[in-house]
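Please read the points below with the model open beside you.

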Amino acid sequence: MAAQTTRTDAGPYLAARAAASAQDYSAAADWFQTALGADPRNPVLLEGAIAGLLATGEVSEALPLAERLRETGASSQVANMVLHLDAAQRGDWDAIFELLEADRGVGPLVDGLTRAWARIGQGRMDQALSAIEEVIETPGLRGFGLYHKALALASAGDFEGADTILSAAPDNGLPMTDPVLLAHAQVLAQLDRPDEAVALLDAAGRGAPVLDALREKIASGAPVEWDCVTAPTDGLSELYISVAGALSSEAPDSYVLLYARSAMALDPDRVDGLLLAAGILERVDRNDLAQVVYARVPETHPAHVTAELGRAEVLRRSGEPARALEVLEHLTRTAPDLAEVQVALGDLRRAESAPAEAETAYGRAIQLAGETAPWWLYYMRGVTRHGLDNWTGAEADFRAALERDAGRAEVLNYLGYSLVERGEKLDEALKMIELAVRSQPDNGAIVDSLGWAQFKLGRYGEAVENLERAAELEPADPIVNDHLGDGYWAVGRMTEARFQWQRALSFGPEPDAAERIRRKLAEGLDAVLAAEGGSPLRQVAEHR
């Protein structure tokens, strides 16, 4: 739709566009509404304001603008969405059909299933199921249709019918997602088949807090109620979440957010909607909004820890590490047995230059994880221990990581390079780095490690080839350029060596490294090595 701003002051309109591009939804809504003062029926300005308000969850404020846009006769998906939400919140199912008949829908999938849930709201299950069948028969929408048919049947107490659909997944085209597993397990519990429900969740594996909590509840013999969808508004909320999940990998985050907010408008307490919206806000660097949404997840919900970990991360990214630490320390008291809490605490401590505390947290995480501790957890503690000059502990951690994943390039490179720098086990170190390079041949840091190991072994000709390759891959890295300078010096290419050292200086090396490079420029590498107690290099004649 072309912008109609002929009667509008360009300043507010341009400010609104800039705010929208920056994902500053509240500011965008304010500026669009300011621009509407000069042109109150401009469809583009109205749609921009509606989108901004919906993105921040202010559906009631967006409603009068959506009504005004409808009066202009213009078509707007986001305005239609707000009108549908308002009708559903009021239980005015006739109004939804009036919107659909007036060609004011949201999209083929949403409209088809909206008809179904609206029919259920009218007490017409037969027509609802007919509407769902149309969706099932639409190419590409079969899974959505089957899932909502199962939900509709279960919401009416027909758990046998729901089980027939859910038990056939994924062979019938219904993917085995977490929501499908949750619904099926609850259906089986209603049918007094707890062992099957537990087996279903066991087969899915652990790690999803809501599913894990449900499994424990069913296994304990506690009663489980059907609460996935108990009213038409719940079904519509599930619909918007389903669409948001489907769009999340292909549509812009700002667009997906509108569906997540719509789901939350219909069911304000649904935690998967809160987590989805918070994750989107986090991805678009709206950490201020994300932390507010994360904080809405109740402490009694199984996903509370997930939400608090997300809140701590956005607080850290917002430059509030003290508040992030407060959140994580509270979690260590309320969830003392969760390794992921200790990992987050370790990451925060390490980022805030508190390596001793980070090492402690990573150690607790390893202890809690036990035999299931992943390679990267040992790797992170090893890196931290290396920074604390605890090489014995660091090497043990790196080797423990390799016991869990022998081909992990990051670990092979870090351990191999560290051994080279220490002048220890050089042959083994070289083999490690060669294996890492075979795994990631275009990783400049790893190729540099290979060249540097060859340099340390006195294989200067081979070293230069790899160091040149590393400089091609990482042309602005000060360490890589410094290493290449040393390689050139070793093969007698002094002019090129000094050129590379000058390049290394221009890329901002660490202060100690910069001072050493300046001494090499002034005195040459051999003199610097001699001053450090080493031996001059055995230079070879290799001029080009």
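Why is helix 9 largely enclosed by the rest of the structure?

1. Helix 9 is largely enclosed because 11 of its 14 residues are buried. Buried means under 20% relative accessible area, exposed means over 50%, and partly exposed lies in between, with a 1.4 Å probe and protein chains only. The buried residues include Gly 143, Gly 145, Tyr 147, His 148 and Lys 149. Helices here are DSSP runs of H or I with at least four residues, strands are runs of E with at least two, and both are numbered from the N terminus.

2. A note on the source: this is a predicted model, in which local features need pLDDT of at least 70 and side-chain atom pairs count only at pLDDT 80 or more, while totals for chains, interfaces and linings use all residues. Residues are numbered from 1 along each chain as its sequence is written, and side-chain values use heavy atoms, with hydrogens and water left out.

3. Helix 9 covers residues 142-155 and reaches 20 Å from its first C-alpha to its last. That is close to the expected 20 Å, a span taken as 1.5 Å times one less than the number of residues. Its buried residues pack against helix 7 (108-121), helix 8 (125-136), helix 10 (159-167), helix 11 (178-190) and helix 14 (232-247). After helix 9 comes Gly 157, with a positive phi near 90 degrees.

4. Now the whole chain. The protein chain has 31 helices and 0 strands. Of its 544 residues, 51% count as buried. The C-alpha trace spans about 90 × 70 × 45 Å along its principal axes. The radius of gyration of the protein chain is 30 Å, whereas a compact globule of 544 residues would have one near 24 Å; the radius is taken over C-alpha atoms, and the globule rule is 2.2 Å times the number of residues to the power 0.38.

5. Contact means heavy atoms within 4.5 Å. Among contacts in the protein chain between residues at least 6 apart in sequence, 52% join residues at least 24 apart.

6. Some backbone angles deserve a check. Most residues other than glycine have a negative phi, and most peptide bonds are trans. Ser 353 is not a glycine, yet its phi is positive, about 60 degrees. Ser 353 sits in the loop between helix 20 (339-351) and helix 21 (355-369), and its 64% relative accessibility makes it exposed. Asp 389 also has a positive phi, near 60 degrees. Its place is the loop between helix 22 (375-387) and helix 23, and at 72% relative accessibility Asp 389 counts as exposed.

7. The peptide bond from Ala 169 to Pro 170 is cis, with omega near 0 degrees. Pro 170 belongs to the loop between helix 10 and helix 11.

8. Is Val 447 buried or exposed? Val 447, in helix 26 (residues 444-456), counts as buried, at 3% relative accessibility. Leaving aside neighbours within four places in sequence, Val 447 is in contact with Val 437, Pro 441, Asn 466, Arg 469, Ala 470 and Leu 473. Val 437 is 10 residues away along the chain, with 6.1 Å between the two C-alpha atoms.

9. Thr 392 lies in helix 23 (residues 391-404) and counts as exposed, at 64% relative accessibility. Its C-alpha atom is separated by 9.5 Å from that of Gly 382, 10 residues apart along the chain.
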